[in-house]
Amino acid sequence: MELEEIRALRRALHQCPEPSGEEVRTKALLMDFLRARTGLELHPCGEGFYAARREPGGTRPPVVLRADYDALALPDGGAAHLCGHDGHAAALCGAALSLEGETLGRDVFFLFQPAEETGAGASGCLELFDRERVAEIYGAHNLPGYPLGQVLTRPGTFACASRGVTLALEGRPAHAAYPEDGLSPAEAVGRLLCALPELARADRYGGLTLCTVVGAELGGRAFGTAAARGEVWLTLRAEADGDLERLHGDILGLAESLAGEYGLGFHHGEQDAFPATVNDPACARLVLERCGGGLLPGPMRWSEDFGHYLRRCPGAFFGIGAGEGCPALHTRDYQYPDELLGPTVEAFRRILLG
């Protein structure tokens with residue numbers, strides 16, 4: 001009965017996808033589900049909420065279990081659950097439901113977080129750690145390409161730090177017949193793009209680093225006007241936060257130097273910033289031992305804002321296989337498999353019950 005209820009919840013969440021920062025109906029659905037079926041206390045937390053399960057006199061350390069619930073924003077302005085957060089939130093509700101009437105000897109807090117896709121949600125939910133006594137935190141993400149239900153994690157970095165960076169070079173417009181009267185950023189942009197692979201070269205850092213060009217724009221489709229403005233859009237990734245900061249600083253330094261050399265204006269911006277998700281070794285071992293998990297050989301290249309929590313409290317993030325034939329995350333064919341709800345609830349239970 002519990003499994004059927006959380007499957008129905010997952011499908012209801014799937015049918016009302018809301019992008020980061022706009023999860024009004026999603027949040028209400030989750031809170032209504034918990035109010036109707038559990039005796040948990042519900043408290044606001046940032047733009048999300050948490051459900052408290054208290055056991056007075058408990059001797060075991062208090063634990064937080066976290067799930068995200070935002071959908072992926074689409075280019076057409078809509079949203080869709082193409083990352084499985086509908087399943088994450090439903091599984092956490094299932095874990096809460098399955099513990100009704102059990103004695104754990106500890107307080108447990110079920111944290112429901114919005115805005116993971118943009119990296120903005122976790123930082124607002126950090127107030128949980130100021131309100132409640134918390135010893136450890138755990139979270140999970142579905143992993144397409146791995147056997148259904150297989151738990152996977154690792155000590156140290158589970159998921160990379162990342163950051164979106166915009167670099168803008170400003171010149172002076174001119175008629176295309178008299179380009180010498182203007183100031184074009186074309187050569188500076190070309191040199192910048194050619195230099196990026198060298199700046200991100202692996203042997204310059206202690207672990208994985210990547211600089212991905214996600215787009216560039218120079219001038220416009222106006223054949224009578226010479227280019228006067230150029231932008232380069234990058235996503236930076238690194239296994240270690242320090243390496244990301246160094247790579248970011250080197251790229252900004254080069255862009256600023258080129259702007260000075262060519263007499264261009266320069267400004268930059270950042271978006272979608274994620275810290276590295278760095279697991280506490282003891283907590284990662286606990287997940288592996290209690291859940292019969294497998295050891296990931298290296299960090300996932302994608303990012304997770306769960307790293308904000310791990311800066312405040314020991315814990316571990318882990319993956320659960322969504323099936324070897326499951327479509328990849330963030331693709332139009334992806335949908336969280338209902339068959340994964342049960343194994344995810346069971347993994348959370350094993351972490352809590354030992």
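Predicted model: local features only at pLDDT ≥ 70, side-chain atom pairs only at ≥ 80, totals over all residues.
Local features need pLDDT of at least 70, side-chain atom pairs count only at pLDDT 80 or more, and totals for chains, interfaces and linings use all residues. Residues are numbered from 1 along each chain as its sequence is written, and side-chain values use heavy atoms, with hydrogens and water left out.

Colleague: How are the rings of Phe-49 and Phe-112 arranged?
Modeller: Rings of Phe, Tyr and Trp (its six-membered ring) pair if their centres lie within 6.5 Å; planes under 30 degrees apart count as stacked, over 60 as edge-to-face and the rest as tilted. Here the centres are 4.8 Å apart and the planes at 10°. So the pair is stacked.

Colleague: How far apart in sequence are the parts that Phe-49 and Phe-112 tie together?
Modeller: Strands are DSSP runs (E, at least two residues), numbered from the N terminus. Phe-49 lies in strand E2 and Phe-112 in strand E6. The parts tied together are therefore 63 residues apart.

Colleague: Is Phe-112 buried or exposed?
Modeller: Buried means under 20% relative accessible area, exposed over 50%, partly exposed in between (1.4 Å probe, protein chains only). Phe-112 has 0% relative accessibility, so Phe-112 counts as buried.

Colleague: What is the arrangement of Phe-306 and Phe-317?
Modeller: Both residues are buried. Their ring centres are 4.9 Å apart, with planes at 40°. So this pair is tilted.

Colleague: Which residue lies over the face of Tyr-205?
Modeller: A charge sits over a ring if NZ of Lys or CZ of Arg is within 6 Å of the ring centre and within 35 degrees of the ring normal. At 4.8 Å from the ring centre of Tyr-205 lies Arg-246.

Notes. Helix = DSSP H or I, 4+ residues; strand = E, 2+ residues; numbered from the N terminus.
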